[in-house]
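These are my notebook entries on a structure that I had not examined before. I record what I looked up, entry by entry.

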Amino acid sequence: SSCRKGWSLGHSGTGAASIITFQVSLTSTDTTGYGVPSFARLVLSPGLQRGAWNHLVALYDGTNLTMYHNGVKLLEKPACENPPCGNIIYPAAYHPGGQCIAGRTELRIGSYQNAKVNSNFAHVGSIKSVRILKRSLSPLEVRYLYNLHASQLINATIPTEEYWAKGLGHLGGVTSPNNDFSNVAEDVPVTLLGRFLVASAYRCVFERLGVSAASSPGVVNCSESDAGAAAVVCPAGRADSLTCVTPFWETGFTSTTLFVERRDDGGNWTRLWQRVCLSSDCGFVTYTNRIRSTWWTHGARNLLNPALEGARTTYRFTSDSRLYKYANATSDFSLASTFAGVRTCSNASCLYAKRTCQSGESLGRNCASDSDCSGGGECGSLARFAVEGAASTTHITHAGRSFLLVANFWDGNSGVTDSSIMELVGAGAALTPVLIQRVATHGARKWALLSVGGRDFLAVANFGVGVSVH
């Protein structure tokens, strides 16, 4: 017997008619211990069409199974003969039986596995988003969810041969884009992986809250130097990497969303889909035909790298905070420090507020120490992120030592960010701020040194949540 617990939502057929099937294993109908699903089948005529987006919602509320297509309720039926029908039965140790194994029965999105006959049925197409909720929805809520993307997707098509992918760099995999922050005033190359047409023009666009900035058209190349691997990922007329140079971002320290746009035949720029390719249409090579490792594979067996994803990609524009020294002889100021600054990452693969290898064979990968960076690479320090979106800097002296108290107001996206305590070490031209401690703050505005009852305290004024004392 097989595992028939939990729930599933699937579809079959295109063209004239399609069947959408929703099945749920419920306590009221299970008499075998293996799960006895309740079924709801919705027939769409005409059926699902190739190249068209569809919004499906399947609900169980304890009494009925309900199905919506594109925001409209098309089916509702009792989930059992004598409602209420109880809870959904999931694979767990308290309800054994069949091939259900607690903690090892997978949640699958994009494929249906029938373990009883050892077969797998994959979704052919693209999936924009999936929501799994702990409660049922009202008709108004379903309509709201449909309308979130309907206006953008109803006439949208996905080019079969062009896309870009986000790579998290996990498990020894690639990082795409190769860095996720740069200084607002610097021209920094950003390289993305995917599939691009050599004859087409692409650019990177950075956007936040209606403000956007676009790069000049980027350069496409093949990331593989090995001829055999290049033939797989970059066949004639195609490339697998796009390099853009960041534009000037006028609004300062900000976290933006990164997009890629393609120029069409009419000279208009349209958004290119960010996704993970899983079909031959977009260049995917099946495991049985895969003879070489590529950037989208992992390990000695060349399996698909799980660190690839289609989630929103964040790119931060940072700005310098600077320390100047005054020269009595000339009565002027000169730059003493940028607080280690994030500019050190401009020419290396790096991730914001994370330690990454700055050199060597593991360039750009997450690290905890230099030993994690093969080929003698250096693991970057988090001290580079000590000053970010600072609202103020306060100088104090204590016990013969000199400190700067940095109140970080936000990290480009949120006010929930650490502020920094730095000690000024050395003298004259060698004066250097060194990070001593980071302190959790919320939209910090200003530090102050207090002496009460013979004891010394540091107080920081936070935006909207009061003062914290340390």
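**Entry on helix H1.** I looked up what covers the buried residues of helix H1 in this predicted model. The cover includes strand S4 (56-60) and strand S5. The buried residues of H1 are Val 142, Leu 145, Tyr 146, Ala 150 and Leu 153. I then checked the length of H1, which comprises residues 139-153. At 1.5 Å a residue, its 15 residues should span 21 Å, and the end C-alpha atoms are 21 Å apart, so the two values agree.

**Entry on strand S13.** I asked whether strand S13 (residues 202-208) is largely enclosed or open. Five of its seven residues are buried, so the rest of the structure largely encloses S13. I next looked up its partners. S13 runs antiparallel to strand S17 (residues 254-263), and six bridges join the two. As one entry in that pairing, I noted that Cys 204 has Val 260 of S17 as its bridge partner. S13 also runs antiparallel to strand S14 (residues 211-214), with four bridges between them. Here I recorded that Glu 207 is bridged to Ser 212 in S14. S13 and S14 form a hairpin with two residues between the strands, and Leu 209 in this hairpin takes a positive phi near 50 degrees.

**Entry on the sheet of S25 to S28.** Which order do the four strands of this open sheet have? I read the order as S25-S26-S27-S28, and the pairing is antiparallel. Strand S25 (390-398) and strand S28 (432-442) are the edge strands, each pairing on one side only. From one strand to the next, the twist averages 20 degrees. I followed the pairing of S25 with strand S26 (residues 401-408) in detail: the two run antiparallel and are joined by eight bridges. Within this pairing, Thr 394 has Leu 405 of S26 as its bridge partner.

**Entry on positive phi values.** Most residues other than glycine have a negative phi, and most peptide bonds are trans. With this in mind, I looked up residues that depart from the rule. Ala 399 is not a glycine, yet its phi is positive, near 55 degrees. I located Ala 399 in the loop between S25 and S26. I placed Asn 70 in the loop between strand S5 (64-69) and strand S6. With a relative accessible area of 21%, Asn 70 is partly exposed, since buried would require under 20%.

**Entry on cis peptide bonds.** The bond from Pro 83 to Pro 84 is cis, with omega near 5 degrees. Pro 84 is in the loop between strand S6 (72-78) and strand S7 (111-114). The bond from Ser 176 to Pro 177 is also cis, and I noted its omega as near 5 degrees. Where is Pro 177 placed? I found Pro 177 in the loop between strand S10 (175-176) and strand S11 (181-183).

Conventions
Residues are numbered from 1 along each chain as its sequence is written. This is a predicted model: local features need pLDDT of at least 70, side-chain atom pairs count only at pLDDT 80 or more; totals for chains, interfaces and linings use all residues. Side-chain values use heavy atoms; hydrogens and water are left out. Two strands pair if DSSP finds at least two bridges between them. Axes are lines fitted to C-alpha atoms, for helices over the stretch in contact, and angles run from 0 to 180 degrees between N-to-C directions. Buried means under 20% relative accessible area, exposed over 50%, partly exposed in between (1.4 Å probe, protein chains only). The expected span of a helix is 1.5 Å times one less than its number of residues. Contact means heavy atoms within 4.5 Å.
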